[in-house]
Amino acid sequence: MRVPSWRALAAALASTLVLATPAVAHHEVLAKFDDTKPLTLTGVVTLVDWRNPHVHVFMNVRDPRGETANWAVELESPIELRRSGWSADTVKPGDRLAIEGLAARDGSRQAWGRTVTLAATGRRVLFTRNTAPAAPLHPRPTPRWPDGQPRLGPSAGGAQGYWAYPSATALVENSVSVAMDAYGLLRHIADAPRVAPLQPWAQALYIERQRRFLKDDPMFLHCKPPGGPRQFQQPYGVQFVEDRERRRIFVLIGSGNNNYRLIYTDGRGHAGQIGGDDDNPLYYGRSVARWEGETLVADTRGFNEDFWFTNGGLPHTEQLRLIERFSRPDFDTLKYEVTIEDPGAYTRPWSSGWTLRWVADEDMPRHVCQDNRP
Amino acid sequence: MRVLLLAALALTSVLPGRPALAQEGHPLKGSWLGTWSGNKTHGNDVVIVMNWDGTSITGVINPGTDNLAIKNASLNPDGWLVHLEADAKDKSGNPITYVIDGKIENLPLANRSIVGTWKTARESGPFTISRQ
């Protein structure tokens with residue numbers, strides 16, 4: 001039997017180390033690329049465009065006829081690539097790369113890069129991770145304010161941290177199980193009626209959006225804010241800043257346009273707020289909240305219809321009202337429960353929920369959405 | 001009134017281009033502008049404002065000028081077929097009923113269109129409006 005050379009072994013090892021890119025991209029990958037059309041490209045880098053929301057590597061690729069064309073290879077965000085040890089200099093113009101990925105649906109010279117390997121050395125340079133930090137062996141107690149109220153944000157003493165890694169990334173009615181990807185794209189379109197109690201028009205619109213692979217998502221196309229439950233489905237997390245002096249809570253997001261939501265805990269009601277602002281309903285609505293024991297209960301109304309309130313494209317109308325419950329059963333877990341009342345789009349109120357994990361000792365990443373770079 | 005409507009349309013046409021406000025809710029909700037060609041009673045140009053309250057579609061044709069209340073409006077999501085009716089009066093003061101049937105085109109776009117036909121007992125023609 002012939003013993004393979006160390007070079008061959010190294011090449012084989014490199015080829016087995018390539019990993020599928022996890023689903024944390026800025027947009028539904030399948031909206032733009034076709035997972036039934038895998039492709040392999042080998043070429044020379046002409047430009048590395050290291051910008052949000054996605055890094056692009058441009059490379060000259062020679063086709064079988066000997067003609068050279070420039071391709072754009074889309075990769076994960078700079079945040080994801082940095083987390084994987086990739087920097088803006090990891091790949092430079094002149095490098096020869098081998099790309100394995102997906103072809104663009106529109107037939108253009110674009111590809112989604114699942115793996116990137118330096119052809120000269122066989123070194124894999126694309127590696128991304130999207131796994132939640134390991135849970136502590138023993139749950140740590142819920143951090144509290146001096147009066148005993150749970151803290152939703154960092155613990156005292158200037159500790160860093162934020163909430164991320166939601167256990168669900170799309171709204172589905174409690175007790176319903178349907179297969180979908182991280183962007184809420186259904187594996188089986190026939191499951192659409194089970195996701196939520198949709199009115200006929202809303203169900204048809206939801207299916208239409210699904211059939212178009214969520215490519216019309218205004219959050220991705222136009223950087224519209226992820227209002228409603230979608231705020232807690234984002235890959236780069238959320239942060240609560242509790243302004244106890246003014247009795248309000250800021251909810252910041254780690255992506256988008258650096259916008260934020262305010263939850264008032266000063267006892268104010270909705271009267272006067274909604275009525276005074278009928279012509280200017282909001283992406284995040286108007287939230288008032290109170291503590292019920294260990295749970296913050298927020299009542300939010302006044303949403304506009306200019307955005308998708310969940311991954312996956314479930315419709316809503318201006319009649320949307322959310323009752324959200326936030327609790328922190330232990331230091332590292334945020335429990336999010338939401339009841340959706342929208343007689344404009346749904347046949348009855350319904351509920352969903354998930355948990356988020358505490359990411360300790362890190363600032364929330366800032367992933368700025370930029371128009372016209374879908 | 002017709003002059004006012006035409007003036008408004010002319011003004012709209014010379015204003016700097018501005019994309020339609022997105023509307024990701026009920027597909028009919030919003031302001032629509034277009035033509036019901038051949039309409040000798042109310043002119044070629046038409047403005048329609050529609051709303052959705054969760055159970056019914058309401059609206060007005062040519063608000064501010066003709067103020068024709070929409071009745072019997074429906075949207076069939078199976079094909080996105082639109083049906084609108086509105087009572088009016090012809091130039092002699094006789095009652096007429098407009099019946100508009102069309103289909104939503106470019107559904108995902110904010111400036112989606114409804115394309116179809118309009119008719120009364122005596123007149124009919126093509127109908128096209130786009131969401132503003």
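In chain B, strands β7(B) and β8(B) form a hairpin with 4 residues between them. Helices and strands here are DSSP runs, numbered from the N terminus, with at least four residues (H or I) for a helix and at least two (E) for a strand. The structure is a predicted model, in which local features need pLDDT of at least 70, side-chain atom pairs count only at pLDDT 80 or more, and totals for chains, interfaces and linings use all residues. Residues are numbered from 1 along each chain as its sequence is written, chains are lettered from A and ligands numbered from 1 in the order in which they are written, and side-chain values use heavy atoms, with hydrogens and water left out.

The strands of chain B can be followed one pairing at a time. Two strands count as paired if DSSP finds at least two bridges between them. Strand β5 (residues 81–89) and strand β6 (residues 95–105) of chain B run antiparallel and are joined by 9 bridges; Leu81(B), for example, has Lys103(B) as its bridge partner in β6(B). These two strands form a hairpin with 5 residues between them, and Gly93(B) in the turn has a positive phi of about 90°. On to the next partner: β6(B) is joined by 7 bridges to strand β7 (residues 113–119) of chain B, again antiparallel, with Gly116(B) in β7(B) as the bridge partner of Gly102(B).

Next comes the meeting of the two chains. The size of an interface is often given as the accessible area lost when the parts come together. Chain A and chain B bury about 1300 Å² between them, 54% of it on carbon and sulfur atoms; buried area is the accessible area (1.4 Å probe) lost on putting two parts together, summed over both. On the chain A side, Trp201(A), Leu205(A) and Glu305(A) lose the most area to chain B, together 38% of what that side buries. The contact (heavy atoms within 4.5 Å) takes 22 residues from chain A and 14 residues from chain B.

A salt bridge is a side-chain nitrogen of Lys or Arg within 4 Å of a carboxyl oxygen of Asp or Glu. There are 3 salt bridges across the interface of chain A and chain B. Arg209(A) and Glu24(B) meet in a salt bridge at 3.2 Å, N to O. Over all chains, the whole structure has 27 salt bridges. Within chain A, Lys224(A) and Asp306(A) meet at 3.0 Å, N to O. Lys224(A) lies in the loop between α6 (218–222) and β8 (238–243) of chain A, and Asp306(A) in the loop between β13 (295–301) and β14 (321–330) of chain A, so this pair ties together parts that are 82 residues apart in sequence.

On a 1 Å grid over the protein atoms alone, a cavity is a set of points where a 1.4 Å probe fits but cannot get out, and lining residues have an atom within 4 Å of a point. The lining holds 13 residues, of which Leu205(A), Arg209(A), Glu24(B), Leu107(B) and Pro108(B) lie nearest the centre.

Conventions: On a 1 Å grid over the protein atoms alone, a cavity is a set of points where a 1.4 Å probe fits but cannot get out, and a pocket is an open set with protein on both sides within 12 Å along at least five of seven lines; lining residues have an atom within 4 Å of a point.
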